[in-house]
Amino acid sequence: MTTALLAPAGLTVVGLVLVPLLLVVRNSFASADSYGGIQGGFTLANYQDLLDPIYLKVFGYSLGMAGLNTMVCLVLGYVVSYYLASRPPQRQMLLLLLIILPFWTDFLVRTFAWINLLSPGGPVNSLTDAIGFTDGPSQWIPSQGASFIGLVYAFLPTAIFPIYASLRGVDNSLGEAARDLGCGWWRVHSRVLLPIARPGMLAAALLTFIPTLGVFVIPVLLGGGRDQLVGNLIVTLYTEFRNQPMGAAASVVLLLLMVASMAVFGLAARRLRRKTA
Amino acid sequence: MTAPTQAPDEAPTAASAPAVRLTGVGKTFGDTPAVQDVTLDIRRNEFFSILGPSGCGKTTLMRMITGFEVPTEGTVELGGVNANGVPPHKRDLNMLFQSYALFPHLNVGENVAFELKVRRSRPKAEISKAVTEALALVRLEGYGERSIAQLSGGQRQRVAIARALIGRPSLLLLDEPLGALDQKLRAEMQLELKKIQREVGVTFVTVTHDQEEALTMSDRIAIMDGGRVLQVDSPEAIYERPATRFVADFIGTSNFLTGTLGGDRLGVESLGNLAVPRGHGLADGTGVHLAIRPENVRLTREEGEAAAGRVALPGTLQQIVYLGNATRYHLTLTDGSDFIAESRGADRSGLAMGEPVWATWDPARSRLLDQ
Ligand SMILES: Nc1ncnc2c1ncn2[C@@H]1O[C@H](COP(=O)(O)OP(=O)(O)OP(=O)(O)O)[C@@H](O)[C@H]1O
Ligand SMILES: [Mg+2]
């Protein structure tokens, strides 16, 4: 009975997730024909090729970028969430809406908007000129910095929501109680509010770190495609190099990285729960 | 506990100074005055209550003592030292929040130890001993490992008290400490708080809008209304000798007769000239209220039954209400106003509703109020 009811869902999962996944895994062990197609057979060559320093650098760079992006998003996310949670309730709704609003616009469009914003003589440039930080048109795009701004921009709301969720129910008097018991503002955060926000921070880290590894639009549009993330590497391998087996191998490695980081976050969450229970 | 407000070189003044001295303290939010011109002293080791109706500024006054609000006027002195501008975490006092504000990520013991750990004023071994003692003080021995979520309302409050007292502040402020508890637990905790206060010898300042609570627990009470302190006195004095009509009405129940003073008599329109207590010191012609407590009023069938020297007013008995420990009689006087009499225990008057009666009282037990 239950098996019958679960069948459609099961079939969907098998058909849409498992089969393509297995195909990718299978292809990563295949050798390529001269046009880059799948030739079959079994070889570890694709993975060995990925050990080339050029590719290793991409993986290292991706992990670093994802880590940095996660850190910046966590810090900004905490600051914004704390600010939000300490506003009066109606104000909170309004501010939250402002954060959600961009989600209703296509991501590509928003990334292009950043190209305009950061272009030489664009709004950001005019602003930095006005405050004397720069002098005349500046070439900020494409650059690693622009690419990083794009990443933070893309993931900040995702980081804000879980952190805000863990802080918003918190009674205002907790912070006052901490001050009353001898905490200056820094210790109010480090001893009380941050620990309370920790589950939300963990969720935010998970939602930021893993997806950052697979991003490919931002480095191309804002970074000029020079410093690539794993996502870019996969696209390049599939399309430009026309080397499907190697693209598949890179995908499998990305998948393993994601699973590994999920395991790390999961473990951290378990430890956190045990501590607070 | 490292209080700059009680530096050793200040000791000579600090030793004799009141725990709290407020001088002309006021607080205005935007253009609404929440507290106006409050001047009062809170003595060392006394149990002091701030009592008043909702919105009268009690919490605001207390928050100015803790430092969470900055007065817009006047000065707050703690232990004889001006505390204006001293942030809350540097004041030698603690607050018990109405919501208890226990930290959900810490267990009971960690909550209680919080202040000692933050202030790093004592070695680790002493901290755990202090926690055990603090938990014993509030009768929660062995609860150290529990999580906050596992506690009942009353237990949470005890934890909050232990946490607030562990650093032995010289002052503990409690904002409606019993507001969230049910009636029975409330009565129990009132006595308990009083007992704890005596044990630790710390000045307690509580905020409440429950008069019974204030009367039960306090050494002295400040009555507030509309942002002002109307009277600061012992519970007996507040009850027996209220300073204003508001106080007489707010604490317990009072009947009021309003009129104009002439010698030892009060001229009340359509009720006649009534005897008032002697030696009131008010000028003839002053408009005043005569306050009479219901328990000082006796009812008789005939005017002549009243003892000599008692004031007697005719009326009609409207209702008899049995209160358990007392019976309350609601009358209407001849001018149409309501009047209340009360006797201990069940009704033994033999009076029936609708019957004409006389309300009588000893003028010495009534009180004249000129505001
Ligand atoms: N932060 C604030 N901003 C503006 N107005 C305030 C603020 N805090 C208090 N008030 C106003 O000041 C007045 C006194 O408030 P307060 O909280 O001190 O009253 P209270 O006596 O404690 O009342 P309750 O018994 O209901 O707790 C009220 O009119 C309130 O609306
Ligand atoms: Mg209040």
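This is a short chat about ligand 1 and Thr332(B) in a predicted model.

Visitor: Which residues are around ligand 1?
Guide: In this predicted model, where local features need pLDDT of at least 70, side-chain atom pairs count only at pLDDT 80 or more and totals for chains, interfaces and linings use all residues, the shell includes Phe29(B), Lys58(B), Glu176(B) and His209(B), each with a heavy atom within 4 Å of the ligand. Residues are numbered from 1 along each chain as its sequence is written, chains are lettered from A and ligands numbered from 1 in the order in which they are written, and side-chain values use heavy atoms, with hydrogens and water left out.

Visitor: And which helix gives the most to that shell?
Guide: Helix α2 (residues 58-66) of chain B does, with 3 residues; a helix here is a DSSP run of H or I with at least four residues, and a strand a run of E with at least two, numbered from the N terminus.

Visitor: What is 2.5 Å from an oxygen atom of ligand 1?
Guide: An N or O atom in the side chain of Ser54(B) is, while backbone N or O atoms lie 2.7 Å away for Gly55(B) and 3.0 Å away for Gly57(B).

Visitor: Changing topic, where is Thr332(B)?
Guide: Thr332(B) is in strand β17 (residues 326-333) of chain B.

Visitor: Why does it count as buried?
Guide: Thr332(B) counts as buried because its relative accessibility is 18%, and buried means under 20% relative accessible area, with a 1.4 Å probe and protein chains only.

Terms used:
Buried means under 20% relative accessible area, exposed over 50%, partly exposed in between (1.4 Å probe, protein chains only). A polar contact is a pair of N or O atoms within 3.5 Å; within protein, one must be able to donate a hydrogen and the other to accept it, and residues adjacent in sequence count only if both atoms are side-chain atoms.
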